[in-house]
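Here is a friendly tour for anyone meeting this structure for the first time. Take a look at the picture, then read on.

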Amino acid sequence: MIKKVNEGSYAKVYLSEYRNPNKNDKLSILACKVIDTSTAPKDFVKKFLPREIEMLIKLNHPHLVHTHSIFQRRYKYFIFMRYMEHGDLLEYILQRGAVQEDQARIWTRQLALAVQYMHELEIAHRDIKCENVLLTANQNAKLSDFGFARMCVDKDFLDIHSETFCGSLSYTAPEILQGSPYYPKPTDIWSLGVVLYVMLNRAMPFEDKHIKQLYQAQINKNWKFRSRYIDCISDNCKRLVTLMLEPNHANRVGIDYILNSEWIAMDSRLLELTIQENTAFQKARDEKEMLLKKLQVRGVQDTKDSSVENESSLTKGNPVNTTVDMATTASTSSW
């Protein structure tokens with residue numbers, strides 16, 4: 001452990017060195033997130049931390065921050081991850097100003113592919129914001145922090161609502177602010193739309209700090225591109241941001257729409273997946289199909305078991321009502 005580089009509500013992040021004994025003690029620089037469960041809220045320790053650990057183990061995509069290893073020592077968790085040399089996106093924007101549209105297009109595509117991968121696995125991130133977008137030395141964007149991530153379906157693959165008010169207020173979708181159960185996937189699209197707006201404008205689309213006023217501003221679409229940047233932004237880009245910041249979640253665009261949008265297509269190279277991007281998505285798709293097949297087999301088995309139980313109850317001498325309604329007999333015999 002070399003030095004502390006960041007600190008959040010329940011965790012501290014350190015720069016660390018790792019020597020690999022299998023590679024002649026080759027030195028690697030990693031980030032280490034240290035979570036002290038003795039000082040964190042019980043709700044976080046019991047509910048959100050186990051989810052985060054599960055996601056870190058499960059998820060593997062070129063545009064998600066890679067987890068190297070996880071250790072637990074008494075009350076502390078040590079999560080070692082790839083070190084992101086250029087820090088987070090918010091820090092980048094504050095230091096360098098608004099992002100050029102061509103660069104914003106590349107980063108938005110990378111983040112959208114990460115979200116598409118998670119959504120294919122029926123997982124919603126639920127905390128997409130500039131602080132959780134980290135940048136590599138090669139200027140690639142990776143999504144991090146899965147503390148609020150959760151499954152979007154139950155064990156029968158039926159959509160389930162989320163009821164947790166989570167994420168950062170400025171990036172929170174109106175259906176969450178409304179306080180009623182919501183589908184989590186569309187909220188990721190809204191948050192990604194806010195991230196894209198911030199990249200292009202070096203400002204938030206909604207400034208209100210009070211929930212009621214913020215909600216009204218979102219519902220009334222009370223936002224606009226900053227005058228100093230508006231002429232530098234293409235119509236295709238403006239249109240996509242508007243579709244992502246649609247207050248009615250049922251009318252909001254999906255992740256596939258973003259990746260195939262006219263704005264992304266303005267750079268034709270971005271329509272092609274790299275080998276790593278394609279492999280990760282195909283693995284997610286295969287895993288989902290395998291789970292659906294298992295569910296199908298389980299459903300057939302449950303049906304068979306139910307039939308066997310019904311036959312068994314009839315052959316065990318259980319009393320059966322032998323009274324026949326003649327009107328019913330007559331009507332069914334004519335079918």
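This is a predicted model: local features need pLDDT of at least 70, side-chain atom pairs count only at pLDDT 80 or more; totals for chains, interfaces and linings use all residues.

The space inside the second largest cavity comes to about 30 Å³.

Where do these lining residues come from? Helices α3 (101–120) and α11 (275–315) each supply at least two of the residues that line the second largest cavity. Sorted by class, the lining of the second largest cavity has three nonpolar, two polar and one charged residues.

## Glutamate 120

Is glutamate 120 buried or exposed? Glutamate 120 counts as buried, because its relative accessibility is 15% and buried means under 20%.

And what does glutamate 120 touch? If you set aside neighbours within four places in sequence, glutamate 120 is in contact with Phe281, Ala284, Arg285 and Lys288.

## The largest cavity

How many cavities of 30 Å³ or more does the structure hold? There are two cavities of 30 Å³ or more, and the largest cavity has about 100 Å³ of space. Its lining is made of 14 residues, and Arg126, Asp127, Cys166, Gly167 and Ser191 are the closest to its centre.

Helix α5 gives the most to the lining of the largest cavity, with three residues. By class, the lining of the largest cavity splits into six nonpolar, five polar and three charged residues.

## Helix α5 meets helix α8

Helix α5 has a partner worth a look, too. Two packed helices can be described by the angle between their axes and the distance between the axes. For helix α5 (residues 184–201) and helix α8 (residues 235–244), the axes come within 8 Å and cross at roughly 145°. The crossing of α5 past α8 is left-handed.

Which residues meet where α5 and α8 come together? On the α5 side they are Ile189, Trp190, Leu192, Gly193, Leu196, Tyr197 and Leu200, and on the α8 side they are Cys237, Val241 and Met244. By class, this contact has nine nonpolar residues, one polar residue and no charged ones.

## The largest pocket

The largest pocket holds about 1,100 Å³ of space. Of the 39 residues in its lining, Gly8, Val13, Lys33, Asn132 and Asp145 are the closest to its centre. Elements that give two or more residues to this lining are β1 (3–7), β2 (11–20), β3 (26–36), α1 (42–58) and β5 (76–82).

Which element gives the largest share of the lining of the largest pocket? That is α1, with five residues. By class, the lining of the largest pocket divides into 17 nonpolar, 10 polar and 12 charged residues.

## The whole chain

The protein chain has 12 helices and nine strands, and 43% of its 335 residues count as buried.

What about contacts along the sequence? Taking the contacts in the protein chain with a separation of 6 or more, 64% are between residues 24 or more positions apart.

Terms used:
Residues are numbered from 1 along each chain as its sequence is written. Side-chain values use heavy atoms; hydrogens and water are left out. Axes are lines fitted to C-alpha atoms, for helices over the stretch in contact, and angles run from 0 to 180 degrees between N-to-C directions. Helices (H or I, at least four residues) and strands (E, at least two) are DSSP runs, numbered from the N terminus. A crossing is left-handed if the near helix is turned anticlockwise from the far one by less than a right angle, and right-handed if clockwise. Contact means heavy atoms within 4.5 Å. Ala, Val, Leu, Ile, Met, Phe, Trp, Tyr, Cys and Pro count as nonpolar, Asp, Glu, Lys and Arg as charged, and the others, Gly among them, as polar. On a 1 Å grid over the protein atoms alone, a cavity is a set of points where a 1.4 Å probe fits but cannot get out, and a pocket is an open set with protein on both sides within 12 Å along at least five of seven lines; lining residues have an atom within 4 Å of a point. Grid points are joined across faces, edges and corners, and a volume is the space filled by probe spheres set on the points. Buried means under 20% relative accessible area, exposed over 50%, partly exposed in between (1.4 Å probe, protein chains only).
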